[in-house]
Amino acid sequence: MGNHPRRIGLISDTHGLLREEALRALRGSELIVHAGDVGEPEILDRLRELAPVVAVRGNVDTAEWARVLPVTAVAEAGAVLIYVLHDVKALDLDPVAAGFGVVVSGHSHKFGRSERGGVLYVNPGSAGPRRFQLPITVARLDLSRRPWGLEFVDLERLK
């Protein structure tokens, strides 16, 4: 891997619950990005057993342990810069002007992707307790090819 991870695991909104299915889906990642609402520090410890982790603090991450988590972070994947924050509505910079290729956020619990100005915006959805009738998901980003590959994994289908 070196400093050029190409297979990036994306997870968010675990709210203290890290399912075995999420770990299986993220296995093989060279970097894992957690877009906040981690819930418990053990979540990050378990993810770090798979790959290096870049994580941000979400609105439920209010306990003492979570104070070390930044509100925003930058993950480097070779020449691709990934901007990470919990709620995309709080984005206070122009990712194009700042040189970011990807913006990863969570908060809404709804997985999705969009592209604006050549920047890929990804919300991996929620991997924690079910909210509403939304699926329980993580995402896998493949930066080894163009266009970049993005796959959303429905964790209930991995049971």
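Predicted model: local features only at pLDDT ≥ 70, side-chain atom pairs only at ≥ 80, totals over all residues.
Two strands count as paired here if DSSP finds at least two bridges between them.

- Strand β7 covers residues 112–116 and strand β8 covers residues 119–123, and the two run antiparallel with five bridges joining them.
- One of the pairings to look for is glutamate 115, whose bridge partner in β8 is leucine 120.

**The five-stranded sheet**

- Five strands form an open sheet in the order β3-β2-β1-β9-β10, and the pairing is mixed.
- At the edges you'll find β3 (53–55) and β10 (149–154), each of which pairs on one side only.
- Going from one strand to the next, the twist averages 20°.
- In general, strands of a sheet pair through backbone hydrogen bonds, in either a parallel or an antiparallel way.
- Strand β9 (residues 137–142) runs antiparallel to β10, and six bridges join them.
- Within that pair, leucine 141 stands opposite leucine 150 of β10.

**The largest pocket**

- The largest pocket has a volume of about 240 Å³.
- Its lining is made of 15 residues, and Val88, Ser105, Gly106, Ser108 and Asn123 are the ones nearest the centre.
- Sorted by class, the lining of the largest pocket has three nonpolar, seven polar and five charged residues.

**The cavity**

- Searching the whole structure turns up one cavity of 30 Å³ or more.
- The largest cavity has a volume of about 30 Å³.
- Lining the largest cavity are His109, Ser126, Pro129, Arg130, Arg131, Leu134, Pro135 and Ile136.
- By class, four of the residues lining the largest cavity are nonpolar, two are polar and two are charged.

**Aspartate 37**

- Aspartate 37 sits in the loop between β2 (31–34) and α2 (41–48).
- Aspartate 37 counts as buried because its relative accessible area is 2%, and the cut-off for buried is under 20%.
- Leaving aside residues up to four places away in sequence, aspartate 37 touches Asp13, Thr14, His15, Gly58, Asn59, Val60, Asp61 and His86.
- Threonine 72 is 35 residues from aspartate 37 along the chain, and their C-alpha atoms are separated by 13 Å.

- Histidine 107 isn't a glycine, yet its phi is positive, at about 75°.
- You'll find histidine 107 in the loop between β6 (102–104) and β7, and it is partly exposed, with a relative accessible area of 32%.
- Phenylalanine 132 is another residue other than glycine with a positive phi, near 55°.
- Phenylalanine 132 belongs to the loop between β8 and β9.
- With 68% relative accessibility, phenylalanine 132 counts as exposed, a label that calls for over 50%.
- The peptide bond from arginine 146 to proline 147 is cis, with omega near -5°.
- Proline 147 lies in the loop between β9 and β10.

Conventions
Residues numbered from 1 in each chain as written. Heavy atoms only, no water. Helix = DSSP H or I, 4+ residues; strand = E, 2+ residues; numbered from the N terminus. Buried < 20%, exposed > 50% of the residue type's maximum accessible area, 1.4 Å probe, protein only. Contact = heavy atoms within 4.5 Å. 1 Å grid on protein atoms, 1.4 Å probe; cavity = no way out; pocket = protein on both sides within 12 Å on 5 of 7 lines; lining within 4 Å. Points joined across faces, edges and corners; volume = space filled by probe spheres on them. Nonpolar A, V, L, I, M, F, W, Y, C, P; charged D, E, K, R; others polar. Axes fitted to C-alpha atoms, helices over the stretch in contact; angles between N-to-C directions.
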